[in-house]
Amino acid sequence: MSEETLPRVVVVGGGTGMPVLLRGLKDLPIQLTALVTVADDGGSTGRLRNEMAIPAPSDIRNVIAALSDAEPMLIELFQHRFSVGNGLSGHSMGNLLLAAMTSITGNFNMGIREISRVLNVKGKIYPISNDNMSLHAEMEDGTIISGESNIPLSKKRIERVFLSPQPVQPLPNAVRALKKADLIVIAPSSLYTSIMPTIIMPQIDEAIRHTTGQVVYVCNVMTQAGETTGYTAADHVQAIRDHIGEKSVDAIVVHNEPIEQTVRDMYAEENAAPVIYDTDRLLEMGLRIIEGDIIDPTQSTLRHDNHKVASLLYSILKNNG
């Protein structure tokens with residue numbers, strides 16, 4: 001099968017869940033594209049954004065590392081974070097390289113493309129936008145919290161999130177990739193601060209709603225304090241639909257095995273609990289439920305098993321093919 005005839009899979013999101021998913025998908029016979037959030041404003045990323053007025057590089061950096069086939073030492077160098085108490089303190093090498101390459105090429109997307117070439121990245125990586133944008137949340141009590149890193153700290157329930165300055169321009173390649181996709185995967189991650197900034201972009205939301213491909217949400221296994229406290233699986237999907245439209249998600253991938261008490265106790269200290277899979281409500285919402293034991297047993301924290309999830313997602317393509 002030639003490259004052009006392989007099914008097109010587009011993964012959307014950011015945070016810690018997206019690289020895990022991409023590591024599993026990158027070796028499958030597919031055309032893989034990652035559309036990555038650029039709304040992060042914490043740490044090294046926040047400082048570079050303020051000093052250089054570039055979109056947030058950290059989520060992009062982790063996606064490049066996940067999709068790279070370079071020597072392990074080179075990837076380790078790319079992911080290295082300086083801890084010495086000097087001007088580089090807290091910066092990651094990859095963030096600095098992305099900032100430098102953006103300066104050389106004059107364009108964030110071009111900078112990503114060049115670094116992807118140097119690090120032998122499999123698939124395409126696009127920032128959702130070349131714009132330096134900010135995320136804001138309107139809480140249920142009407143207050144507005146600004147800044148991706150501040151939103152979970154307010155401990156209030158989120159009504160909706162939105163971007164500024166308006167209008168934010170999506171990357172045309174990102175919109176095109178969604179329109180041509182056979183499968184769009186919304187990666188597991190922070191619902192309001194990693195997933196939403198990517199999908200609520202003008203034209204991006206429309207492309208997801210009108211795609212002829214399947215749209216699948218890989219559901220988080222645990223709730224997140226300050227974002228999804230008390231949320232069930234259906235609540236996660238409903239929040240996505242409330243932001244970008246009722247016809248935006250076709251299927252959901254869920255973990256269907258009990259979580260050990262010791263792990264629950266560890267997460268309880270962070271006010272996180274297992275996401276309840278309210279099957280009846282998911283079915284009432286017209287969702288196809290794809291379930292399996294998809295947690296990586298080798299990790300001390302709960303992480304999706306990249307190969308198990310990739311194989312479930314690939315089975316959707318084969319069943320639709």
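**Close-up views of a predicted model**

**View 1. Overall fold of the chain.** The secondary structure of this predicted chain comprises 13 helices and 10 strands. Its radius of gyration is 19 Å, close to the 20 Å given by the globule rule for 321 residues, so the chain is as compact as a globular protein of that length. The C-alpha trace spans about 55 × 55 × 40 Å along its principal axes. Of the 321 residues, 55% count as buried. Among contacts between residues at least 6 apart in sequence, 71% join residues at least 24 apart.

**View 2. Surface and charge of the chain.** The side chains include 27 positive and 37 negative ones. The centres of these two sets lie 6 Å apart.

**View 3. The aromatic pair of tyrosine 192 and tyrosine 231.** One aromatic pair is found in a search of the whole structure. The ring centres of tyrosine 192 and tyrosine 231 are 6.3 Å apart and the ring planes stand at 80°, so the pair is edge-to-face; planes over 60 degrees apart are classed this way. The cut-off for buried is under 20% relative accessible area.

View 4. Serine 164 and proline 165 are joined by a cis peptide bond with omega of about -5°. Proline 165 is in the loop between strand S6 (158-164) and helix H7 (172-180). Another cis peptide bond, between glutamine 166 and proline 167, has omega of about -5°. Proline 167 likewise lies in the loop between S6 and H7.

**View 5. Positive phi at lysine 155.** Lysine 155 is not a glycine, yet its phi is positive, at about 60°. This residue is found in the loop between strand S5 (144-146) and S6. The relative accessible area of lysine 155 is 58%, so the residue is exposed; the cut-off for exposed is over 50%.

**View 6. Positive phi at asparagine 271.** Asparagine 271, although not a glycine, has a positive phi of about 55°. The loop between helix H11 (261-268) and helix H12 (279-284) holds this residue. With a relative accessible area of 55%, asparagine 271 is exposed.

Notes:
Residues numbered from 1 in each chain as written. Predicted model: local features only at pLDDT ≥ 70, side-chain atom pairs only at ≥ 80, totals over all residues. Heavy atoms only, no water. Phe/Tyr/Trp six-rings, centres within 6.5 Å; stacked < 30°, edge-to-face > 60°. Helix = DSSP H or I, 4+ residues; strand = E, 2+ residues; numbered from the N terminus. Rg over C-alpha atoms; globule rule 2.2 N^0.38 Å. Buried < 20%, exposed > 50% of the residue type's maximum accessible area, 1.4 Å probe, protein only. Contact = heavy atoms within 4.5 Å. Lys, Arg positive; Asp, Glu negative; His and termini not counted. Charge placed at Lys NZ, Arg CZ, Asp CG, Glu CD.
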